Each structure stands twice: as C-alpha cells, then as structure tokens.
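Here are my notes on the model, point by point. Please read them with the structure open.

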Amino acid sequence: MIKVEHLNKSFDGVQVLKDINVVYEPGKCNMIIGASGSGKTVLLKNLIGLFKPDSGEICYGEQRLSTMDYASQKELRKNIGVLFQGSALFDFATVIENVMFPMEFFTDWSFAQRKERARYCLEKVNVIGSDDKYPNELSGGMQKRVGIARAIALNPSFLFCDEPNSGLDPYTSIVIDHLISDLTKEFNMTTIVNTHDMNSILEIGDKIGFIHNGSMLWQGDKNTILHPDCVQLKEFLCANTLARNIIEGKN
Amino acid sequence: MVFKKPEKWRIFWRQFIVESDKLIISSILIVAVISVFLGGVLVIQTASNLENPVIDKMYIGYMVRESLILEFCSTMMALILAGKMGSNISSEIGSMRISEQIDAMDMMGVNSAGFLVLPKVIATTVLGPLLMLLSFSLGLLGGWIVVDLTQIIPTASYVTGIKYCYNGFYAFYSAFKMSLFCFMISSIAAFNGYYASGGSLGVGRSSTRSIVVTSILILMFDLIITQLWLY
C-alpha cells in the first residue's frame with residue numbers, strides 16, 4: 001500500500017501539486033488521470049522518488065520515503081517496477097539483456113537462472129522469439145511489453161506506469177491495459193497508472209484519482225466516473241465523444 | 001557517485017572491456033593514420049629547416065623523435081581524441097538521459113553514474129597511454145618511410161638520430177600527460193552528457209560543449225605540466 005499525505009511540490013515558485021491526499025491499495029490498478037500539464041507526471045515522479053516533495057509524506061507500507069536513508073531507498077527501489085512513457089529500454093542491450101539487467105545487479109542467480117526468469121517474464125507479456133533483437137528493432141507496442149517484462153523481473157510489490165498507451169493504436173492499448181491489470185492481480189502488486197486515455201480508465205480503473213491544476217479534485221472508480229459530481233472532471237470527460245454521450249444520456 | 005565502489009565487480013570489469021573496445025581499440029586506426037603522416041611531415045619540415053651543412057643530418061631524426069614524444073603523441077593525439085571519444089561519450093550518455101534510460105537505472109536502484117561513467121573514465125585513463133606509445137612508434141615509422149622513399153637524408157642517419165640521447169623520462173612524461181588528458185576527456189564528456197537536457201538539441205549542445213571545454217583544458221594543462229616538469 002502507498003499512502004500520500006498533504007503532498008506539495010513547486011518548481012520556480014509555481015505550485016504544481018497542492019495538498020494531495022490519496023491511498024493506493026495492492027491488487028488494484030490505481031489510475032491518475034488529468035489533462036496534460038495538470039501534474040500527473042510530477043505526482044508519479046514524487047511517488048517513485050525522482051522528485052523530492054516540498055512538504056507532505058509518502059509512505060510505502062510503514063516506511064516513510066522522506067526519512068529513508070540512501071541504502072533504504074535503494075532497497076525499496078528493488079521492490080519497485082517502472083514503465084516509462086517512452087519505455088526507456090537500454091539501447092546497448094538486447095531484449096533479453098534488458099529484462100535480465102535488474103537481476104544481474106540484485107540477485108545472485110546464475111546466468112541460466114536469470115535467462116529462465118527473463119524468458120518467463122517475456123512470455124507473460126507475450127514477447128516470444130525476440131530475445132536477441134535490440135529495442136530499435138521493435139514496434140512501440142513490443143517496446144512497452146518488454147518494458148513491462150523488465151519492470152516485473154524482480155517480482156516487485158509496486159508497479160508504476162507513466163502513460164503506457166501513449167503512441168499506441170487502440171488495439172495495442174487494450175492489450176497493454178489488460179496485461180497491466182492481469183499482472184497486478186496475479187502478483188498482487190500496487191499498480192499506479194498515469195494516463196489520460198479514456199479507454200484505459202474505463203477498462204482497468206479499479207481506483208481513479210482526477211488531478212486538475214495540481215489538486216486531486218475527485219476519487220472514485222470506473223463505475224462511478226461517468227456520473228461524476230465534479231465539474232472539472234465532467235469537462236475533462238466530455239472531451240471524449242463516447243464519454244460525453246454516456247454522461248449526457250445520449251444513445 | 002561515479003567513484004563509489006561498484007555494486008558488482010564482475011559487471012564493472014565487463015563494462016571496462018566493452019568501453020576499452022569502444023573507446024580505445026576503435027581509436028587505433030585514426031591514431032595510426034594520423035601518426036604515420038605526422039612522422040613523415042615532421043621529417044620533411046625538419047629537414048627543410050636544417051639545411052646547414054655543419055649540422056649533422058642525424059639531428060633530423062633526433063628532433064623528430066623529441067617532437068613526437070614531447071608534444072605530438074600526447075597533446076595532439078589528445079586533441080583529436082577529445083573530438084572522437086568526447087563526442088562519443090557525451091552523445092551516448094546524453095541520449096540515454098533524454099530517453100529516460102538513466103532514470104530507469106536510478107529507479108532500479110542501480111548507481112547509473114557508476115555503471116555508465118566509471119568504466120569509461122578508468123578505461124581511457126589506464127589505456128590512453130598505450131595510444132600514445134602506438135602513436136610514437138608509428139610516427140617514427142612514418143618518418144622512416146618518408147626518409148627511405150625520398151632519401152631526403154640517409155636512412156642510417158635517421159635511425160642513428162632516433163636512437164641518440166634517449167631520455168626515458170620523456171616517455172613517462174608523455175604517458176602521464178596522455179593519461180591525464182584522457183581522464184579529462186572522458187570525465188568532462190560524461191558530465192556534460194549526464195546532465196544534458198532539452199532533447200536532441202541539448203545532446204548536441206552538450207557534445208559540442210564537452211569538446212570545446214576539453215580542448216582548452218588540454219592546452220592549459222599541457223602548458224602547466226610542461227612548465228612544472230621540463231623547465
């Protein structure tokens with residue numbers, strides 16, 4: 001479980017996150033939604049420790065991120081998988097080497113064991129027969145899948161996905177969404193997905209938090225989001241024709 | 001973070017070999033070509049400036065050797081390598097920075113600076129002097145080829161000259177300079193790449209900045225070391 005309490009963050013005097021309070025539970029796909037520039041990525045980067053909050057607390061279970069020393073943070077990070085927006089696969093490594101990379105650093109497994117685990121992760125995300133390809137030889141969807149395989153390589157308790165569907169076609173987006181959702185339930189991970197893709201929200205949003213101008217204005221799930229009591233969320237949703245028709249009760 | 005003890009020595013040595021191949025072995029060809037031509041040109045220029053019949057022709061070989069070992073094989077090669085190795089390191093690390101690959105490493109708990117930068121710095125600093133020795137040998141060879149082909153001076157005089165009054169300290173001095181310059185090239189380029197921002201333009205800027213800064217620093221340190229050690 002990840003608990004965020006009174007989180008504030010500003011850059012050059014501009015407050016980007018304002019008093020964020022939210023709890024992310026394990027075994028659920030927790031979505032952070034909002035328009036571009038609303039503060040989603042900043043929140044995600046605060047959660048994973050790439051940015052330091054101005055004030056407030058982020059707790060991983062019983063551990064407070066702000067009071068952790070470098071060694072404890074490093075230990076925690078072994079338990080975190082991150083899928084970056086651009087996949088962030090290492091150019092110098094092949095598909096299988098990318099997935100084996102975290103294992104090489106943090107396990108004492110033999111090469112054969114690492115390879116077996118990497119193959120297992122790649123099978124989970126349906127990437128088969130591309131072990132020796134380099135990232136630039138893969139399609140965007142394949143890169144995302146390999147990114148997910150790398151993120152779950154060490155069997156983490158926490159999975160963060162920054163806009164996993166950006167640049168993907170609708171079909172591949174659905175495949176990636178279900179992959180994230182299935183892996184979350186199978187491994188009981190606390191998954192946090194940063195997105196503004198309506199399909200993803202409605203498909204896998206077990207818990208949804210809407211951010212507007214740095215404030216979390218609404219929290220709910222995929223069943224309640226189409227009947228929101230928040231004006232800003234309604235405006236955000238109505239940008240999507242399908243959602244607008246449902247909200248406005250049109251056929 | 002760069003000079004922190006590596007998480008796993010096995011990974012460090014593997015990266016050391018990879019970087020040695022990428023930065024040092026791949027530079028052999030350009031160093032070899034430049035050195036052979038440099039040696040040849042030095043022979044012709046020295047000979048054309050020493051036409052006094054009183055001065056023994058042997059001194060042409062002697063002067064070529066001293067010029068090569070004192071300045072050309074270390075400083076000039078370092079300036080060339082600042083372009084080749086510096087841009088390679090800076091653009092590689094810079095593009096990893098802007099495509100979030102370094103963030104991904106940090107998020108895994110991997111010391112990204114230690115993994116990416118340290119093997120490059122150690123490989124270039126330790127093996128750079130070998131390029132200097134190669135350059136020196138091939139420079140002398142280039143001079144010998146020109147002497148042999150043009151008979152601008154007798155070959156025997158050239159060979160006697162390059163063996164005349166050899167001072168081993170000069171070789172150490174030149175190797176030390178090369179090692180220091182290679183350290184500067186890799187660390188400055190890595191620093192600029194690691195903190196690159198602003199997309200592909202930012203990577204280009206960091207690459208250019210590292211070459212300019214390194215070149216100026218090489219010339220400054222060349223002057224300082226020469227003043228301290230040789231005068």
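**Notes on the two-chain model**

1. Leu149(B) sits in helix α6 (residues 118–150) of chain B. Its C-alpha atom is 37 Å from that of Ile185(B), 36 residues apart along the chain.

2. A word on the basis. This is a predicted model, in which local features need pLDDT of at least 70 and side-chain atom pairs count only at pLDDT 80 or more, while totals for chains, interfaces and linings use all residues. Residues are numbered from 1 along each chain as its sequence is written, and chains are lettered from A and ligands numbered from 1 in the order in which they are written. Helices (H or I, at least four residues) and strands (E, at least two) are DSSP runs, numbered from the N terminus.

3. The chain contact. Chain A supplies 14 residues and chain B 12 residues; contact means C-beta atoms, placed from the backbone, within 7 Å. On the chain A side, α2 (70–77), β6 (80–83) and α3 (95–106) each give two or more residues. α3(A) gives the most, with three residues. That side holds nine nonpolar, one polar and four charged residues. Here Ala, Val, Leu, Ile, Met, Phe, Trp, Tyr, Cys and Pro count as nonpolar, Asp, Glu, Lys and Arg as charged, and the others, Gly among them, as polar.

4. Helix α5 (residues 140–151) of chain A. Its 12 residues should span 16 Å at 1.5 Å a residue, and the end C-alpha atoms are 16 Å apart, so the two agree. The expected span is 1.5 Å times one less than the number of residues. In α5(A), 11 of the 12 residues are buried, including Met142(A), Val146(A) and Ile148(A). The buried residues pack against β6, α3, α4 (111–124), β7 (158–162) and α6 (170–187) of chain A.

5. Helix α1 (residues 40–47) of chain A is mostly covered too, with six of its eight residues buried. Among them are Leu43(A) and Leu44(A). Just after α1(A), Gly49(A) has a positive phi of about 90°.

6. Strands of chain A. β3 (residues 28–33) and β9 (residues 207–212) pair in parallel over four bridges; pairing requires at least two DSSP bridges. Ile33(A) is partnered by Phe210(A). β9(A) also runs antiparallel to β10 (residues 215–220), with five bridges. Two residues separate β9(A) and β10(A) in a hairpin, and Asn213(A) in the turn has a positive phi of about 50°.

Technical notes. Two residues are in contact if their C-beta atoms, placed from the backbone, lie within 7 Å. A residue is buried if 20 or more other C-beta atoms lie within 10 Å of its own, exposed if 12 or fewer, and partly exposed in between; C-beta atoms are placed from the backbone.
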